[in-house]
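Keep the viewer open as you read.

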Amino acid sequence: MERCDLAIIGGGPAGLAAAVAAREAGVQDILILERDRELGGILNQCIHSGFGLHTFQEELTGPEYAGRYAAKVRALSIPYLLDTMALELSPERVVTAMNRERGLFQMQAGAVILAMGCRERARGSLNIPGYRPAGIYSAGTAQRLVNMEGYLPGKEAVILGSGDIGLIMARRMTLEGAKVHVVAELLPYSGGLKRNIVQCLDDFGIPLKLSHTVIDIQGRERVEGVTLAQVDENRRPIPGTEERYKCDTLLLSCGLIPENELSRGAGVELNPVTSGPVVDESLETSVPGVFACGNVLHVHDLVDFVSQEAEAAGKSAAGFLAGKNTRGRRSIALRAKDGVRYTVPATVDPNRMGEETIVRFRVSDVYRNPTIAVSCNGEILLRKKRMIVSPGEMEEIRLKKAQLLARPDIQEITIALEAAK
Amino acid sequence: MSEIRNLICIGCPMGCPLAVTLEDGGVSKVEGNTCKRGDAYARREVTNPTRILTTTVPVRGGTSPTVAVKTAGEVPKPLLLKCARAVKNLTAEAPVKAGQVVFKNICGTGVDLIAVKDVERGAPEAASKR
Ligand SMILES: Cc1cc2nc3c(=O)[nH]c(=O)nc-3n(C[C@H](O)[C@H](O)[C@H](O)COP(=O)(O)OP(=O)(O)OC[C@H]3O[C@@H](n4cnc5c(N)ncnc54)[C@H](O)[C@@H]3O)c2cc1C
Ligand code: SF4
């Protein structure tokens, strides 16, 4: 069987940044497996600007951001295989993959980094009876059609779901000459970034209707119109609030979900809240030597944080390969409580961690002026005041090694919101 | 006479809520910004709002049917749609290199349109084969 020190599954921003960091940390024998025809992942279809402000201090488009990392990978001569799909991963880190030249092949990897990204959620939110006429697309599919195939899916659109991709597509379709009548959001707040609400909707006078959903689609062959209605606090349509919109296209932006079929096959423990692997401070999963980063771990809004996380995973994998970073005996559990939905990582080892560990999480609702409180055994380790937190924007706190080492008996750290709603 | 305008900073995805105080037609105070970009954004946004335009241009003879492009600098917000419409009538000839100017001085704004990606010469690959 072929061998490599580090196999990276997925050549999106996460896989690329992980590869660069691992190489810079001394790993020579790396192989990136990418199923698409080019490196860069989903960023190739995200042609809008706003990427990279944190990383490069300038505002780049998705393809430019991806291009910078792809260029680094090439400059470091890190090998990658395109049009190559990883099909299976074993707990012993044997990767089974396939491409046209080599057919099916297997590779024993010293360490593996999972960087498969995420996919769009199924149409679950469109819970309505009747036909499924042509003209209904997921927002990501529409993004690919418009930006990569040069094909505009319709002339008059209604968008259901106000996540970032839905917002971005509202602007994109408008710029291409389509009329976007409205963006409807089931929840009382938008899951999208503020900047996208301002630049994609407000700039073009596209209304955002919160607490609204689609209750009917007209048309048999092709969408001819949709009916929206307001929903009550139980998300049930309120009679008498129906409004009809004439349109030929309905875009669904229902959120993203990590792509973990491979991980599951390898026996990697998954967190039901994130649908991503449970990882420790080194971003190592429950399977030793298998690391995860980027959208496969938990869905990110900002690619800059994907790159940061991926660098950490690359370094950890390098340490693991050098025999310097194997799992120790001590592990402190991080518990998400009171408005905090989950944390990545789920555990920290104070001996193995660097000087500090970034803990990322999402909250369950919109809170104004909350304080993020980190505590153990009733003692507050850290308090961080925020002006606003919302489920659409990832939060972070930093745990300090010195603080944890100074408390040898802690077994659990709680991260909670002290909300002043 | 003073007036307060509330904005959301779009300088970066933090999206800081800004309060801009206008006095005698000028900006006298900006609050809520985390960094100085927010201050600059607020002053500009209440006087002369601008945006980067990103879109695609059809490519002839390339491995991809389109190439992603952006304006090399920001264009006045009221001209966004006009610029987008002007771009719709363009075609680029493969090969296209990232950074290459695809269209000069779009709609008289003095800003060039540049490619953000390479497109090589060749037959387009079958789309969505995955
Ligand atoms: C449709 C869509 C649109 C998005 N739009 C935006 C946006 O407008 N703005 C924004 O900030 N963020 C957007 N995102 C989020 C964006 O995905 C992240 O910011 C970032 O790209 C995540 O990087 P990643 O490397 O983790 O994942 P990805 O970019 O998804 O990269 C994962 C890579 O792994 C490859 N892969 C997966 N499985 C396998 C396998 N089995 N074998 C081989 N290769 C595999 C994929 O082909 C892909 O190239 C979008 C996401 C999606 C799904
Ligand atoms: S003020 Fe600075 S940190 Fe805040 S959104 Fe603007 S650019 Fe970002």
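As for the core around A:Leu114, that is the largest nonpolar one, with 65 residues, and A:Leu6, A:Ile8 and A:Leu114 have the most contacts inside it. A nonpolar core here is a set of buried Ala, Val, Leu, Ile, Met, Phe, Trp, Tyr and Cys residues joined through side-chain atoms within 4.5 Å. Buried means under 20% relative accessible area, exposed means over 50%, and partly exposed is in between, using a 1.4 Å probe and protein chains only.

Some ground rules before going on. This is a predicted model, in which local features need pLDDT of at least 70 and side-chain atom pairs count only at pLDDT 80 or more, while totals for chains, interfaces and linings use all residues. Residues are numbered from 1 along each chain as its sequence is written, chains are lettered from A and ligands numbered from 1 in the order in which they are written, and side-chain values use heavy atoms, with hydrogens and water left out.

Now for the ligand. Which residues are closest to ligand 1? They are A:Ala14, A:Glu34, A:Ile42, A:His48 and A:Asn295, out of 33 residues that surround it (a residue counts if one of its heavy atoms lies within 4 Å). By class, that shell has 18 nonpolar, 12 polar and 3 charged residues. The classes put Ala, Val, Leu, Ile, Met, Phe, Trp, Tyr, Cys and Pro down as nonpolar, Asp, Glu, Lys and Arg as charged, and the others, Gly among them, as polar. Helix 1 (13-24), strand 6 (85-89), helix 4 and helix 8 (303-321) of chain A each supply at least two residues of the shell. Those elements are DSSP runs numbered from the N terminus: helices are H or I with at least four residues, strands are E with at least two.

A polar side-chain atom of A:Glu34 lies 2.6 Å from one, a side-chain N or O atom of A:His48 is 3.2 Å from one, and a backbone N or O atom of A:Ala115 is 3.5 Å from one. Taken alone, ligand 1 exposes 970 Å², and the protein buries 94% of that. Those areas come from the Shrake-Rupley method with a 1.4 Å probe; for residues, only the protein chains shown count as cover.

Back to helix 4 of chain A, one of the suppliers of that shell. Why is it largely enclosed by the rest of the structure? Because 8 of its 10 residues are buried. Those buried residues pack against strand 9 (118-120), strand 10 (136-138), helix 5 (164-175) and strand 17 (249-252) of chain A, together with strand 5 (54-60) and strand 6 (66-71) of chain B. One of the buried residues is A:Gln143, at 3% relative accessible area. A polar contact of 2.9 Å joins its side chain to that of A:Gln45. Such a contact is a pair of N or O atoms within 3.5 Å; within protein, one must be able to donate a hydrogen and the other to accept it, and residues adjacent in sequence count only if both atoms are side-chain atoms. A:Gln143 also touches A:His48, which is among the residues closest to ligand 1. After the helix comes A:Gly150, with a positive phi near 70 degrees.

Over in chain B, B:Leu113 sits in strand 10 (residues 113-115) and is buried, at 0% relative accessible area. Its contacts include B:Val57, B:Val69, B:Leu90 and B:Phe103.

Cis peptide bonds join A:Val344 to A:Pro345, with omega about 5 degrees, and B:Ala94 to B:Pro95, with omega about 0 degrees. A:Asp83 has a positive phi near 50 degrees without being a glycine, and is partly exposed at 33%. A:Asn377, also not a glycine, has a positive phi of about 45 degrees and counts as exposed at 64% relative accessibility.

Conventions
Contact means heavy atoms within 4.5 Å. Lists of a residue's contacts leave out its neighbours within four places in sequence.
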